[in-house]
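Grab a pencil and work through these exercises with the structure open beside you. Try each task before reading its solution.

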Amino acid sequence: MYCLRPLSYLSLRFPTPRPLSIKTHTIPNEFNNLCSKGRLKEAFEAFESEIWSDPSLFSHLLYGCVQTRSFSVAKQLHSLIITSGCSSDKFISNHLLNAYAKLGEVETAVTLFGIMPRKNIMSCNILIGGYIQNGDLEKAGQMFDEMPERNVATWNAMVTGMTQFEFNEEGLSLFSQMHGLGFMPDEFTLGSVLRGCAGLKGLNAGKQVHGYVVKTGFEFNLVVGSSLAHMYMKSGSLGEGEIVIKAMPIRSVVACNTLIAGRAQNGCSEGALDQYNIMRMAGFRPDKITFVSVISSCSELATLGQGQQIHAEAIKTGATMVVGVISSLISMYSRCGCLEESVKAFSERVEADVVLWSSMIAAYGFHGKGEEAIELFNRMEQEGLEANDVTFLSLLYACSHCGLKDKGIKIFNLMIEMYGLEPQVKHYTCVVDLLGRSGCLEEAEGRRGYTGFAVFLAPILSPIV
């Protein structure tokens, strides 16, 4: 629930209009510039009388709140909007609704939506986007179903949401419905649908979408072209993906990243590094996505020298603050035999997620440091991060290669009983390896209570039994 509080950031003064010291037509540019840079207090104080006389300017301030992630200022602006008497204006209300949704304050957005006297399709689209951003696809779908009228943006929001959370089949189904109802998909629709095809590795479906792309003239669109190439590469058709990229009239960082990542994912690590060098020679500035792919390629090739050089380039661009890049560095240094550098990269993190912790646990396991891997896992739990199946696979691998049978079995039980994770073949393989290395394979017989374990171990244990 939002509430009206005393304003400490913005003033509630109602000044009399002052003479303009600059030409009126230059005001929006300066005002927009201040808002886009997050200098909201300065923008409000410099153009206060103009804001009161033209409340639509509140939209720029609200945009600034989203850019600066400032929920408190958005609430204060909400109070001012009510005071100005324009809270019933559809344009301003939608901007306010969008600010709350983009800031992750979905409950506040829902409350505002409920009292808005005038709503339109955009209002519903904004709320759908807020639900999706918050991971609530069920409520997004409910809002979508209840809408009496939709537009392309509505369908785009739902298709994007489905593919974003890897409900790829549902996303493709929505695209089919959208097309059947006569809506004309745009570049955002097609980009999302192609990402869905890539997630499913559905080459046949992707080729059908490709045909539609050519028919509608989107094949040279940067967003669609890059998504199309990504679909082919993710589906194992590296050559077809490269053809799409090379046919694009204009290259971009996104297109270069697609080509580099495609080569890396298809086992062409040297080709990925070659493309990285071509990208730099062409004057494109690598970003975090570029560095994740090329550092991973160095990891696969165990080329320490080139990895260190790329690490230095990533530092210059500030990309080493990104969790995905740090995770790739940890893996690269570990595979190249430099565990100390992996530890250093991990220790210099600003923030961390389960992927980063799992990468460091895997690095310890790769170097036979099972006790250190378990100790790091305990620290991870203490920090409130929830381990996933990859974390446990790294732990089981570490225990297996260090002869920590009892601790490994304890971790396996923890994974199932406390975390409720379903073991996969890779987990069973690690446990069997763990027991085999310890000369205790017969103990696996006692674990037949786990259905998956029983199926997996039957052919292995039958000679023993």
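Predicted model: local features only at pLDDT ≥ 70, side-chain atom pairs only at ≥ 80, totals over all residues.

**Exercise 1.** Work out which helices are joined by the salt bridge between E300 and R335, and how accessible each partner is.

*Solution.* 
Step 1: Check the bridge itself: between E300 and R335, the closest N and O atoms are 3.7 Å apart.
Step 2: Find the helices. E300 sits in helix α18 (residues 288–301), while R335 belongs to helix α20 (residues 323–335). The pair therefore ties together parts that are 35 residues apart in sequence.
Step 3: Sort the partners. E300 has a relative accessible area of 52%, so E300 is exposed. R335 is at 44%, so R335 lands in the partly exposed class.

**Exercise 2.** Find the accessibility class of K405 and of D406.

*Solution.* 
Step 1: The side chains of K405 and D406 meet in a salt bridge, at 3.6 Å from N to O.
Step 2: K405, at 16% relative accessibility, is buried.
Step 3: D406, at 59%, is exposed.
Step 4: Zoom out: the whole structure holds seven salt bridges. There's also a network of salt bridges linking E242, K246 and R263.

**Exercise 3.** Which residues touch the most other members of the largest nonpolar core, and which residues does I128 touch?

*Solution.* 
Step 1: The largest nonpolar core has 75 residues, and the ones touching the most other members are F31, F58, L61, L77, I128, M158 and L190.
Step 2: Helix α8 (residues 121–133) supplies the largest share of this core, seven residues.
Step 3: Leave out residues up to four places away in sequence, and I128 touches A140, M143, F144, M147, T154, A157 and M158.
Step 4: Apart from this core lies another one, of 55 residues, including I260, I310, C399 and Y419.

Definitions and conventions
Residues numbered from 1 in each chain as written. Heavy atoms only, no water. Core = buried A, V, L, I, M, F, W, Y, C linked by side-chain atoms within 4.5 Å. Buried < 20%, exposed > 50% of the residue type's maximum accessible area, 1.4 Å probe, protein only. Helix = DSSP H or I, 4+ residues; strand = E, 2+ residues; numbered from the N terminus. Contact = heavy atoms within 4.5 Å. Salt bridge = Lys/Arg side-chain N within 4 Å of Asp/Glu carboxyl O.
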